[in-house]
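Subject: Structure handover and findings

Dear colleague,

Please find the structure below for your records. My notes on it follow directly after.

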Amino acid sequence: MSKNMDHFYQRILRALQNDASLSQRELADRVGLSQNACWRRVQALRERKVITGQTVRLDTERLGLGLTVFVMVRTRHHSREWLQKFRMIVLGIPNVIDFYRIAGDYDYMLKIMSEDMNAFDAIYQRLIEQIELDSITSYITMEAIANNRDLPVC
């Protein structure tokens, strides 16, 4: 899709990333297309799975989730069974917002959001009690300088 993505597709994606609640008319006006042409392009983006859904961004502070922690995990286990169990445990913790398998000194990275340190410690204890890990390191954030930024649509 990226090779066939002209400036109208790019404008549509930028506008929808900024505000997915735009009406078809508002979106068409913003990108400089008729409503029908804009609708067809949005449908094409959905069919090609460039647009995979719509979400709402929530204010973490107002929801009482003021603590963000990046947890780095190292393991000695790399079997399929261990990985399935680990994934199931991590994905069963609602406070784990992002979960990555990574290259480098650690094997996995988790982004955890919680109310405070006590709530995070309960999550941490739950994690280490359920599965054997080689090491786990937590990085407490002090300030979100850039968070949930839009993807660069060129």
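I begin with Asn95, which touches Leu65, Lys111, Ile112, Met113, Ser114 and Ile123 when residues up to four places away in sequence are not counted; contact here means heavy atoms within 4.5 Å. Asn95 is placed in the loop between helix 4 (80–91) and strand 2 (96–101), where helices (H or I, at least four residues) and strands (E, at least two) are DSSP runs numbered from the N terminus. A polar atom of the Asn95 side chain lies 2.6 Å from the backbone oxygen of Met113.

Please note that this is a predicted model, in which local features need pLDDT of at least 70 and side-chain atom pairs count only at pLDDT 80 or more, while totals for chains, interfaces and linings use all residues. Residues are numbered from 1 along each chain as its sequence is written, and side-chain values use heavy atoms, with hydrogens and water left out.

Lys111

One of the residues touched by Asn95 is Lys111, which is found in strand 3 (residues 108–114). Is Lys111 buried, or is it exposed? Lys111 is buried yet has no salt bridge. Buried means under 20% relative accessible area, exposed over 50%, and partly exposed in between (1.4 Å probe, protein chains only). A salt bridge is a side-chain nitrogen of Lys or Arg within 4 Å of a carboxyl oxygen of Asp or Glu. The nearest side chain of opposite charge to Lys111 is that of Asp98, 4.3 Å away; Lys and Arg count as positive and Asp and Glu as negative, whereas His and the chain ends are not counted. The Lys111 side chain is instead joined to that of Asn147 by a polar contact of 3.2 Å. A polar contact is a pair of N or O atoms within 3.5 Å; within protein, one must be able to donate a hydrogen and the other to accept it, and residues adjacent in sequence count only if both atoms are side-chain atoms. Apart from neighbours within four places in sequence, the contacts of Lys111 include Thr68, Phe70, Val96 and Asn147.

Tyr106

Tyr106 is placed in the loop between strand 2 and strand 3, and it counts as buried because its relative accessibility is 16%. Its side chain makes a polar contact of 3.2 Å with the side chain of Thr137. Leaving aside neighbours within four places in sequence, Tyr106 is in contact with Met72, Val73, Arg74, Ser135, Thr137 and Tyr139.

Salt bridges

By the rule given above, the count comes to 4 salt bridges. Among them, the side chains of Asp150 and Arg57 meet at 2.8 Å, N to O. That pair links distant parts of the chain, 93 residues apart: Asp150 is in the segment after strand 4 (135–140), and Arg57 is in the loop between helix 3 (35–47) and strand 1 (67–74). Asp150 is partly exposed at a relative accessible area of 34%, whereas Arg57 is exposed at 54%.

Asp134 also forms a salt bridge, with Arg76, the closest N and O atoms being 3.0 Å apart. This pair too links distant parts of the chain: Asp134 is in the loop between helix 5 (117–130) and strand 4, and Arg76, 58 residues away, is in the loop between strand 1 and helix 4. Asp134 is partly exposed at 33% relative accessible area, and Arg76 counts as exposed at 65%.

A further salt bridge joins the side chains of Asp59 and Arg62 (3.7 Å, N to O).

Domains and backbone

The chain is divided into domain 1 (7–48) and domain 2 (61–140), with bounds that come from an automatic or database domain assignment. Taken over C-alpha atoms, the centres of the two domains are separated by 37 Å. The UniProt record, an unreviewed entry, lists residues 5–66 for "domain: HTH asnC-type"; UniProt positions are given in the numbering used here, feature names are shortened, and annotations may be inferred rather than shown by experiment. That span is 53% helix and 0% strand.

Finally, Lys49, in the loop between helix 3 and strand 1, has a phi near 60°, a positive value in a residue other than glycine. Asn148, in the segment after strand 4, likewise has a positive phi, near 55°.

With kind regards
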